[in-house]
Amino acid sequence: DTGTLVLNGITASRNVARTNGGFMYSTGTVTIHNATISNNSANMGGGVYLYEGATTNIYSTEFSRNKSTDNGGGLFVYTYGTPTVVNGCTFNKNVADGVGGAAYVSGKSIAYFYDITATGNQATTGGFLYETAADTELTLVKLTVSQNTADKGSIIWGNTTNAKLKLDKSKFTDLDYGTIDNAYWSLAINGSLTVEEITGKVPSI
């Protein structure tokens with residue numbers, strides 16, 4: 001799709017793509033609101049795959065039990081500078097056989113994740129999210145996590161200092177841990193990302 005699409009209150013379930021984007025592959029302008037995207041599968045982006053030029057807003061949506069045989073179990077973002085906003089969303093039990101159990105952000109993407117709950121997502125690296133590639137930038141404000149698993153980086157992993165993570169640590173909650181200290185951060189958010197601590201605000205939906 002390269003046009004404009006608005007989806008409100010939909011359920012997208014049990015779709016299978018031979019390549020990318022189990023439910024959706026987009027290079028256009030898309031708004032998804034109050035949706036359930038579940039049990040879809042693809043090579044990359046088990047639920048949704050956003051490619052070059054995609055401008056996307058996803059609000060109050062649940063990604064659950066989507067599967068990628070490569071990267072990005074629930075959501076794959078590779079947009080070359082166009083914005084992606086994910087606000088008030090839940091990622092539950094998504095799986096990537098590669099990296100980024102719930103989400104994968106790369107390709108000079110500019111992504112904003114607000115008020116995210118991520119539980120039980122799984123990948124080899126980056127149980128919740130994997131970020132990579134020069135000039136990729138992710139802003140993350142208000143994240144609640146529980147039982148995400150990976151061999152490396154149970155929450156977030158990145159493999160280059162040329163990718164930036166802007167993180168509001170004051171609005172971070174891990175339901176499985178009491179004390180969030182430096183040792184925790186080195187295990188949960190790891191790799192070579194350039195991390196900038198910020199104080200952010202969750203926009204209203």
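## Basis of the description

The model is predicted, and local features are described where pLDDT is at least 70, side-chain atom pairs count only at pLDDT 80 or more, and totals for chains, interfaces and linings use all residues. Residues are numbered from 1 along each chain as its sequence is written, and side-chain values use heavy atoms, with hydrogens and water left out.

Seven strands form an open sheet with parallel pairing, in the order 3-7-11-15-17-19-22; strands here are DSSP runs of E with at least two residues, helices are runs of H or I with at least four, and both are numbered from the N terminus. Two strands are said to pair if DSSP finds at least two bridges between them. The edges of this sheet are strand 3 (24-26) and strand 22 (189-191), each of which pairs on one side only. From one strand to the next, the twist averages 10°, where axes are lines fitted to C-alpha atoms, for helices over the stretch in contact, and angles run from 0 to 180 degrees between N-to-C directions.

Y25 has Y49 in strand 7 as its bridge partner.

Strand 6 and strand 10 (residues 67-68) run parallel and are joined by two bridges, with A42 standing opposite S68 in strand 10.

## The largest pocket

The largest pocket holds about 170 Å³ of space. On a 1 Å grid over the protein atoms alone, a pocket is an open set of points with protein on both sides within 12 Å along at least five of seven lines, and its lining residues have an atom within 4 Å of a point. Among the lining residues are V145, S146, D174, D176, Y184, L187 and A188.

Strand 18 (137-146) and helix 1 (182-188) each supply at least two residues of this lining, and helix 1 gives the largest share, three residues. By kind, the lining divides into six nonpolar, four polar and two charged residues, where Ala, Val, Leu, Ile, Met, Phe, Trp, Tyr, Cys and Pro count as nonpolar, Asp, Glu, Lys and Arg as charged, and the others, Gly among them, as polar.

## Residues in loops

T79 lies in the loop between strand 11 (75-78) and strand 12 (83-87) and is buried, with a relative accessible area of 0%; buried means under 20%, exposed over 50%, and partly exposed in between, with a 1.4 Å probe and protein chains only. Leaving aside residues up to four places away in sequence, T79 touches several others, including Y51, E52, T84 and S106, a contact being heavy atoms within 4.5 Å.

K171, in the loop between strand 20 (164-167) and strand 21 (172-174), is partly exposed at 29% relative accessibility. Its C-alpha atom is separated by 6.5 Å from that of L143, although K171 and L143 are 28 residues apart along the chain.

## Positive phi values

Most residues other than glycine have a negative phi. N34 has a positive phi, near 55°, and is found in the loop between strand 4 (29-33) and strand 5 (36-38). D115, with a positive phi near 50°, is instead placed in strand 16 (residues 110-119).

How values were computed
1 Å grid on protein atoms, 1.4 Å probe; cavity = no way out; pocket = protein on both sides within 12 Å on 5 of 7 lines; lining within 4 Å. Points joined across faces, edges and corners; volume = space filled by probe spheres on them.
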